[in-house]
Amino acid sequence: MGCNPSIEVHVEADDIQDGDVVGCFCGGISQGCMGRLKNAPVPYILRAPTGKKKEIIKYSDIEKFKEIDDHALNVPGSALKSIKSLTKYLVAICDTDKEKVRSFFVWITANISYETSNNKGGGESLTDPNTVFRRRAGDAVGYCNLFATMCKSSGVPVVNLSGFAKRTDHDPEIPYTPHDSPDHAWNAVFVDDDWRFVDCCWGAGYEDETCYWVRKYEEFWFLTDPDKFINDHYPWTSSDRKINNNWQLLKQPITLAEYNKLVKLEETAKDWGLDFSHKEPILIFRKEVHITITASILVRNITCAMETIDHVKMDDYTLVYQFDTLTYSVQARPPSPGTYVLRIYGKKDGEISQPAQLMVKYLLKCTDVNNYVKSLPYVFTHAQTYHVTLHEPHARELPAKSKVKIRLSSQYLRQIMVENIPLECDENGTWEGKITTPQSGDAIVIYGSTSDDANGKFHSLYKFYIVDKKPK
């Protein structure tokens with residue numbers, strides 16, 4: 001990009017009217033430079049967008065986008081002779097630059113497949129836009145260049161950006177340094193009086209943890225808000241640090257060191273507006289860790305999975321609580337000192353048939369454990385549904401033929417029973433009681449009901465296993 005990157009703005013000759021300028025807008029980041037395209041000023045002074053994505057995409061845009069998406073997904077063969085003929089077809093129904101950008105994004109993400117550099121065939125570069133268009137395949141730079149070519153030919157101000165991106169296989173223990181070369185590319189477009197980010201490569205699909213590319217359209221990467229984009233996209237050029245700061249499009253840019261310390265949030269977590277108590281990707285702790293999740297929308301069935309770095313499952317040592325409608329807590333209690341991977345999943349309210357989606361992944365480093373680490377109780381879905389918090393016991397295995405205190409709380413349940421033994425509730429919604437555990441090999445289940453009727457329906461909440469050995 002260089003010290004003084006240019007913003008190339010091209011229009012078709014037939015579109016040129018009096019007062020229009022065809023060319024590029026250049027100048028240093030600190031300069032106040034204005035260009036003009038079709039009598040509309042394009043400022044080069046970079047700033048944070050004045051509105052969020054949800055504020056600039058109104059209901060009327062959504063309705064028009066449906067038409068544009070259908071148009072872009074059903075391009076006839078006659079329009080696929082060249083990038084120019086494709087672009088002309090796509091913009092035929094567009095009235096604004098935002099709509100043009102939408103049509104380019106949808107067509108590219110639906111038709112271009114991702115190929116890593118070692119999969120290039122025939123000695124062709126997968127960065128050249130004509131090669132990418134012809135082969136329907138490219139790398140991140142190829143996606144970026146094809147999108148930019150389509151924008152330029154239709155008069156949309158666009159820039160190509162490169163930097164550091166946290167992919168699925170990102171290792172937080174290997175931070176980016178100023179000596180590293182950029183490993184990803186994306187675009188910025190000037191629409192609705194602001195610069196906005198577009199990542200066609202990630203919008204088309206993703207590489208899973210085995211480096212296999214999976215096609216999956218992701219709306220999130222279209223006109224993404226800068227405060228969400230910076231979580232896993234850091235613009236970088238070693239020649240001018242001002243470029244690195246200004247092209248974050250943030251009021252308060254962050255440093256590369258700060259970027260490395262941000263835990264990578266998946267698209268779902270950012271799109272749903274989730275806030276995690278632990279902001280860094282590597283958590284160092286003694287005995288156990290509690291991660292609080294605050295949501296801005298209803299999220300159902302939050303679950304987690306923990307494993308060693310050798311992929312040995314440790315799910316028995318995790319537990320999820322729901323404190324209220326929008327607040328959850330994930331507890332992890334590793335059985336021994338070491339390094340573990342914790343993944344947290346969730347579903348948006350109403351998406352019953354959809355599988356739970358990964359929201360965040362942490363690297364856990366446990367330095368010390370109790371002398372006798374107990375696996376956590378088995379949790380049924382209804383424990384979350386009714387916002388149940390289990391205060392005690394916190395062990396999955398309980399000693400046989402012993403007195404055990406049971407204490408839990410819920411503002412929604414009207415009855416709670418341990419097998420057929422009812423618990424008493426105080427005025428604060430805390431249920432409590434003591435039971436005598438059965439013989440070894442049996443199990444006990446805590447049930448709850450939202451009805452006062454003794455014959456009402458009860459749902460399983462927690463399950464415990466009875467063992468001979470008593471915990472120390």
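**View 1. The largest pocket holds about 1,200 Å³ of space.** The model is predicted: local features need pLDDT of at least 70, side-chain atom pairs count only at pLDDT 80 or more, and totals for chains, interfaces and linings use all residues. Residues are numbered from 1 along each chain as its sequence is written, and side-chain values use heavy atoms, without hydrogens and water. A pocket is an open set of points on a 1 Å grid over the protein atoms alone, where a 1.4 Å probe fits, with protein on both sides within 12 Å along at least five of seven lines. Its volume is the space filled by probe spheres set on the points, which are joined across faces, edges and corners.

**View 2. Lining of the largest pocket.** Of 41 lining residues (an atom within 4 Å of a point), Thr168, Glu209, Glu266, Leu358 and Lys361 lie nearest the centre. Elements giving two or more residues to this lining include α11 (267-271), β20 (338-348) and β21 (357-366); helices are DSSP runs of H or I, at least four residues, and strands runs of E, at least two, numbered from the N terminus. The largest share, 5 residues, comes from β21. The largest pocket lies between domain 1 (36-261) and domain 2 (271-368), because both give residues to its lining; the bounds come from an automatic or database domain assignment.

**View 3. The second largest pocket holds about 650 Å³ of space.** Its lining has 20 residues, with Phe220, Lys228, Asp271, Trp272 and Lys348 nearest the centre. α1 (53-56) and α11 each supply at least two lining residues, and the largest share, 3 residues, is from α11.
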